[in-house]
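Dear colleague,

I am passing on a structure for you to look through. Please open it first, and then read the notes below beside it.

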Amino acid sequence: MRLPVPGSLRLRFLLAVTLWVMLGITAIWFSAIGIFSRHVEQSYHEELAVHVRELGGLTEITPDGTIMLTRPLSDPRYDVPLSGFYWQVTAAGRTPLRSGSMTRGSLDESMAHSSEILHRLESGPSGPAITYGFARKGPAGEDIHFVIATDQSELDRLIGNFTRDLTAWLAALAALLLATGYAIISFGLKPLDRLSLAFSRMRRGETDKLEGHYPSEIAPLAADLNAYICQNEAMVARARVQAGNLAHSLRTPLAIITDEAERLATRDQCRAAGAVLLDQAAAMEQQINYQLARARSSAGRSPSGCGVVLPDVAIPILRAMERLHPDKQFILETAGCKRMVLPLDPVDYAEVLSILLDNAGKWARCTVTLTFTCDRVGGGTAQIADDGPGIPDHLIETACTVGTRFDPDAAGSGLGLAIAQDLCAAMSAQLRLTNGSPGLIATLRYDPGDTDGA
Ligand SMILES: Nc1ncnc2c1ncn2[C@@H]1O[C@H](COP(=O)(O)OP(=O)(O)OP(=O)(O)O)[C@@H](O)[C@H]1O
Ligand SMILES: [Mg+2]
């Protein structure tokens with residue numbers, strides 16, 4: 001069973017079931033003890049009343065005035081010393097008769113003053129006792145007092161035993177109810193677990209939609225999500241194509257404007273205006289090239305890949321780089337990354353790697369090192385380090401801006417890093433440039449924790 005996390009539906013259900021079971025069990029515990037105590041007390045009192053009546057029936061006063069019983073009481077506990085069961089018969093001017101159990105003390109005869117059976121709590125020979133008694137006239141018209149008593153602790157012991165047994169039984173019942181309750185919750189939430197698993201697989205790029213069959217309450221949600229995902233992918237693809245088309249359609253008018261601006265710049269009276277127009281046209285061309293490059297990079301891709309497999313994704317890119325920069329050495333280091341899958345678009349990831357490796361190959365003196373490191377929580381880092389001149393520290397921040405080139409004599413359009421940055425943002429990955437000693441270190445990091453909350 002999965003452990004409930006704070007704020008989860010599972011935790012809510014578990015708390016509700018626990019509270020419900022606890023309330024029910026506590027209510028049963030209190031009411032069962034109350035009902036049992038009432039019944040036990042009642043039958044105890046009835047039994048004592050019977051015993052005191054039996055005592056009255058068995059008592060005789062002999063002609064010499066001795067009090068005696070015609071036979072012992074039917075309950076043998078009255079003969080066991082200090083058993084907690086006592087009787088006593090007293091009359092004025094006669095020797096009192098007491099049960100064999102009463103080896104010390106006496107019972108208070110004053111409560112046995114009426115012919116009706118009365119009872120109260122008295123202190124008996126072995127602690128507080130429930131006392132029953134009545135009085136009857138003797139042969140000489142004197143009052144004979146019949147008193148019978150049972151220790152309160154006897155009643156308490158009976159109720160205590162019952163309470164102990166009941167508590168153990170109810171605790172077992174509570175454990176059983178909680179276990180079945182938790183099992184029912186797990187069973188009921190299984191479809192949601194499957195949905196979340198299907199979602200994770202889709203985010204890892206293993207599937208392109210939510211797969212699986214769901215109960216009727218969740219099935220519409222899964223279907224709506226699938227429809228939304230398809231719609232969204234189609235919309236993004238359409239938008240990219242449209243941006244590419246727009247950029248493309250601006251090229252010819254821009255070429256005409258540039259041509260006109262160049263002609264203006266050759267005339268003395270409008271040289272300044274021509275220069276401004278040329279500047280602006282160059283900026284526009286950069287943007288157009290950038291959009292076309294972005295559209296090209298996303299064209300022809302399947303809506304969702306099967307994730308980025310490290311380090312395999314880099315092998316064909318490194319091969320291409322070795323052909324592109326034959327005088328540079330490319331080294332691949334894969335510390336602990338054995339077919340690790342990152343839930344990212346492989347085309348975008350490969351494009352970012354190509355841009356960074358191409359830059360490193362262009363600027364390296366002789367060696368470019370690509371190092372992959374993976375962690376246990378599903379994160380992965382690609383580090384591209386070269387032994388070139390690096391970028392001055394105060395300019396490194398601006399390197400990813402469209403059109404930035406620090407060495408205008410070198411070939412390039414200044415779009416690579418801007419596109420890489422853009423793709424990283426879309427993949428929820430981070431791109432960081434730092435200077436090493438020597439050269440530039442580009443770090444491409446993906447951390448699943450950064451996207452979970454998104
Ligand atoms: N590894 C590197 N070492 C030194 N300078 C670099 C490195 N990578 C990038 N730069 C600097 O950053 C600038 C921007 O790089 P970016 O990749 O965006 O454009 P580019 O390489 O000039 O052109 P392209 O669009 O063809 O990639 C480069 O012109 C270069 O001056
Ligand atoms: Mg570049």
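Is Phe 30 buried or exposed? Phe 30 is exposed, with a relative accessible area of 55%, where exposed means over 50%, buried under 20% and partly exposed in between, for a 1.4 Å probe and protein chains only.

Please keep in mind that this is a predicted model, in which local features need pLDDT of at least 70 and side-chain atom pairs count only at pLDDT 80 or more, while totals for chains, interfaces and linings use all residues. Residues are numbered from 1 along each chain as its sequence is written, chains are lettered from A and ligands numbered from 1 in the order in which they are written, and side-chain values use heavy atoms, leaving out hydrogens and water.

A search of the whole structure finds four aromatic pairs (rings of Phe, Tyr and Trp, the last by its six-membered ring, with centres within 6.5 Å; stacked if the planes are under 30 degrees apart, edge-to-face if over 60, and tilted for the rest). One of them is edge-to-face and joins Trp 29 to Phe 30, at 5.0 Å centre to centre and with 90° between the planes; Trp 29 is partly exposed, with a relative accessible area of 27%.

Another pair, Phe 134 and Phe 146, is stacked, because the ring centres are 5.0 Å apart and the planes lie at 20°. Both Phe 134 and Phe 146 are buried.

Finally, Arg 77 lies over the face of Phe 85, at 3.9 Å from the ring centre (the rule asks for NZ of Lys or CZ of Arg within 6 Å of the ring centre and within 35 degrees of the ring normal).
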